[in-house]
Structures are given as C-alpha cells and as structure tokens.
Amino acid sequence: MDRTLQERARATRRSLLEAAACLFAEQGYAGTSVNDISARSGRTSGAIYFHYASKEGLALAVVKDRFATWPALAAPYTDPAVPPLERLVALSYEVARALAEDTVTRAGARLWAERETIDAELPDPFALWTTAATRLLAQARTAGHLAPNVRPAATARTLVRAFFGLCTLTEALEGPQTVTDRLTDWWHLTLPSLQHGADPVDLVGRAA
C-alpha cells in the first residue's frame, strides 16, 4: 500500500472512530447502530466492517484510544523538576477535563460503564491509573513529601476509585462544567492526610 492509500486509510479509520465516539457518548452502546455511525461519519457501513470488523471492534478502539491509555497525558507528568504530589494533582485535573470535555474520552468512559452489554473484553483503565498514582506517591515518599503513615499502593488504589466516582457523580448531579471545582474541593479535603508539612491550598493552586 503506497503512502497516499495509507494516509487515506488512517483518515477513514479516524473519522469512523470519532463519529462512533460522538454517538456512543450521546446515546450509549445499545442506542447506537452501525447505520448511525455510517450516517454520522459519511462513510459506508462496508468501511466500518473493513476497518473495525464490527461495532464491538469500534467500541474497543474508542476505549483504547484515550480512556484506557491516556497517550497524550503521560509525558508531561514525568518532569522530575516538579514535585511528585504536584504532578499527581495536575494529572488529575487534566484527566477530569478530558472526562468532561473530550468526546472520545467521554465515550470511552461510558462504554466502560456499559461493558456488560458489549460482546468484547474492554481494557481496565484503572490498573494503569493506579500504577501511575502509585509511582508518583512512591516518589513523593522518597522525597519526604508524604505523611509517614501513607502507603503508596493502597493509597493510589483508593484515590483512583474516589476520583473517578467524584467525576462520575458530579457530572450526573451537576453537569460536567463543575467537575474541576468539585475536584478542587476534594483535593483540599484529601491532601492534608497525604502531605507532610505542606499547604494543600498552595499546591492545588499551582497544579490546577
């Protein structure tokens, strides 16, 4: 396949994925048909089956694109010049904004919540999130920024689940526009139990 055909194929795959994501985010998996995706994307249903084999294949691709891997978010939060707890808080704001504003991320989150209705094994995003949080908390402990009773792995597991619950419930009850405000409230409440001798308000102000 020459370069022009490869680029055309990539463009087709992307347009199908983005059209499917819009519909999955709006209507859910069961409420979206292949014909709906074809109409939204302006591509034929044959193109959908050629590039993704099935609606399940498209759903899997949507989840993997952002929600389960965060390829665009990982790199900025490895800078050793920024304290690890500040990196953790900053990353949480980026993820929260993506869950509130980015269509592909929102679709991935909804599909994962509806995973029992999808005949495909969707990746667990929380393992990756927990690993990243554990690493940052362990770095914070090494730097002396963590309270002595905080265990990185157990704390990361709890933080990730609480964070995702906060984002999900805030959107359901108040709408996505208030997610970052509620996240600020949550960090002001949570950080004093994690930090060793630091001001949580100052840290959140720098990271948000």
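Buried means under 20% relative accessible area, exposed over 50% and partly exposed in between, as found with a 1.4 Å probe on protein chains only. The views below show a predicted model, in which local features need pLDDT of at least 70 and side-chain atom pairs count only at pLDDT 80 or more, while totals for chains, interfaces and linings use all residues. Residues are numbered from 1 along each chain as its sequence is written, and side-chain values use heavy atoms, with hydrogens and water left out.

**View 1**
The protein chain has 11 helices and 0 strands, where helices (H or I, at least four residues) and strands (E, at least two) are DSSP runs numbered from the N terminus. Along its principal axes, the C-alpha trace spans about 60 × 40 × 25 Å. Of the 208 residues in the protein chain, 45% are buried. Among contacts (heavy atoms within 4.5 Å) between residues at least 6 apart in sequence, 67% join residues at least 24 apart. The mean pLDDT, the predictor's confidence in each residue on a scale from 0 to 100, is 90 for the protein chain, and 94% of its residues reach 70 or more. Confidence is lowest in helix α5 (residues 71-74), with a mean of 61, and highest in helix α2 (residues 34-41), with 96.

An unreviewed UniProt entry places the feature "DNA-binding region" at residues 33-52; UniProt positions are given in the numbering used here, feature names are shortened, and annotations may be inferred rather than shown by experiment. This span is 80% helix and 0% strand, and its end C-alpha atoms lie 14 Å apart. S33 is placed in the loop between α1 (3-27) and α2, and this residue counts as partly exposed at 28% relative accessibility. From S33 to L159 the separation is 126 residues in sequence and 36 Å in space, C-alpha to C-alpha. S38 lies in helix α2 and is buried, because its relative accessible area is 14%. Leaving aside neighbours within four places in sequence, S38 is in contact with R43, T44, S45 and I48.

**View 1. A53 and its positive phi.**
A53 is found in the loop between α3 (45-52) and α4 (55-67). Most residues other than glycine have a negative phi, whereas phi of A53 is near 75 degrees, a positive value in a residue other than glycine. A53 has a relative accessible area of 56% and is therefore exposed.

**View 2. A68 between α4 and α5.**
The loop between α4 and α5 holds A68, which counts as buried at 10% relative accessibility. Not counting residues up to four places away in sequence, A68 touches V63, P123, P125 and L128. A68 and W186 are 118 residues apart in sequence, and their C-alpha atoms are 23 Å apart in space.

On a 1 Å grid over the protein atoms alone, a cavity is a set of points where a 1.4 Å probe fits but cannot get out, whereas a pocket is an open set with protein on both sides within 12 Å along at least five of seven lines, and lining residues have an atom within 4 Å of a point. About 300 Å³ of space lies in the second largest pocket, where grid points are joined across faces, edges and corners and a volume is the space filled by probe spheres set on the points. The lining consists of A25, L99, R106, A109, R110, A113, F164, C167, T168, E171 and A172. Two or more residues each come from α7 (103-113) and α9 (152-174), and α9 gives the most, with 5 residues. By class, the lining has 7 nonpolar, 1 polar and 3 charged residues, with Ala, Val, Leu, Ile, Met, Phe, Trp, Tyr, Cys and Pro counted as nonpolar, Asp, Glu, Lys and Arg as charged, and the others, Gly among them, as polar.

A113, one of the lining residues of the second largest pocket, is found in helix α7 and counts as exposed at 60% relative accessibility. A113 and P125 are 12 residues apart in sequence and 11 Å apart in space, C-alpha to C-alpha. P176 is found in the loop between α9 and α10 (179-194), and at 30% relative accessibility P176 counts as partly exposed. Not counting residues up to four places away in sequence, P176 touches A100, R106 and E171.
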